[in-house]
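Subject: Handover of a structure

Dear colleague,

Please find below the sequence and the structure that I am handing over to you. I would be grateful if you could look through them before reading my notes.

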Amino acid sequence: EQEILLVGIMTEGIHTPFLSDRDLAIENARYTVRTARNVAAEWWPPPEGRIAARANEVLSEAVTLLRRVEERGLFESIRAAEFADTSRSPDGGHGLEGVVPIEEEYVNPFLELWDRGVAVQP
């Protein structure tokens, strides 16, 4: 019974929403987060409510998964499709043959900031 809430993107119903609508929706979401940041100090869900029950269910499933991974080992768990129902064998994949070399003219400003250890502010 999990619900998905679209964050007010007016053109979300069309195949490719307008970028301006996405920008406005992100700004609206930031406004909501800023405005509601102190709600938890005054409101707490009931211990026997749906939110607490779902949190306990997710925690229990996570612990069960981690125990299976501990028993099997990480690589065998990946082979058994424990993560996102996607199986990968330890010796499968593309390896270096699947890596595309970066051209000399390639520019990625994020990587340049990353290399210098600069924190990017949202």
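The notes that follow begin with the chain as a whole and then turn to particular residues.

Please bear in mind that this is a predicted model.

Overall organisation

The chain contains five helices and zero strands, and its order along the sequence reads α-α-α-α-α. Of its 122 residues, 7% count as buried. Contacts between residues at least 6 apart in sequence were also examined: 5% of them join residues at least 24 apart. The accessible surface of the chain amounts to about 11,500 Å², and carbon and sulfur atoms account for 59% of that area.

Helix 3

Helix 3 covers residues 50-72, which makes 23 residues. From its first C-alpha to its last it reaches 33 Å, close to the 33 Å expected at 1.5 Å a residue. Just after helix 3 comes Gly 73, whose phi is positive, at about 100°.

Helix 5 spans residues 109-116, and Leu 111 is placed in it. None of the eight residues of helix 5 is buried, so this helix lies largely in the open. Leu 111 itself has a relative accessibility of 37%; it is therefore counted as partly exposed, since that class lies between the 20% and 50% cut-offs.

At the N-terminal end, helix 5 is capped by Asn 108. A side-chain oxygen of Asn 108 lies 3.0 Å from the backbone nitrogen of Phe 110. Asn 108 belongs to the loop between helix 4 (74-79) and helix 5. With a relative accessibility of 23%, Asn 108 counts as partly exposed. The side chain of Asn 108 also makes a polar contact of 3.2 Å with the side chain of Tyr 106.

Beyond the other end, just after helix 5, Gly 117 has a positive phi of about 75°.

A nonpolar surface patch

Several of the residues named above return in one surface feature. Ile 102, Tyr 106, Phe 110, Leu 111 and Trp 114 make a nonpolar surface patch of about 590 Å².

With kind regards

Definitions and conventions. Residues are numbered from 1 along each chain as its sequence is written. This is a predicted model: local features need pLDDT of at least 70, side-chain atom pairs count only at pLDDT 80 or more; totals for chains, interfaces and linings use all residues. Side-chain values use heavy atoms; hydrogens and water are left out. Helices (H or I, at least four residues) and strands (E, at least two) are DSSP runs, numbered from the N terminus. Buried means under 20% relative accessible area, exposed over 50%, partly exposed in between (1.4 Å probe, protein chains only). Contact means heavy atoms within 4.5 Å. Accessible areas come from the Shrake-Rupley method with a 1.4 Å probe; for residues, only the protein chains shown count as cover. Patches are made of residues with over 30% relative accessible area and no salt bridge: like charges are joined within 9 Å, nonpolar side chains (Val, Leu, Ile, Met, Phe, Trp, Tyr) within 5 Å. A salt bridge is a side-chain nitrogen of Lys or Arg within 4 Å of a carboxyl oxygen of Asp or Glu. A polar contact is a pair of N or O atoms within 3.5 Å; within protein, one must be able to donate a hydrogen and the other to accept it, and residues adjacent in sequence count only if both atoms are side-chain atoms. The expected span of a helix is 1.5 Å times one less than its number of residues.
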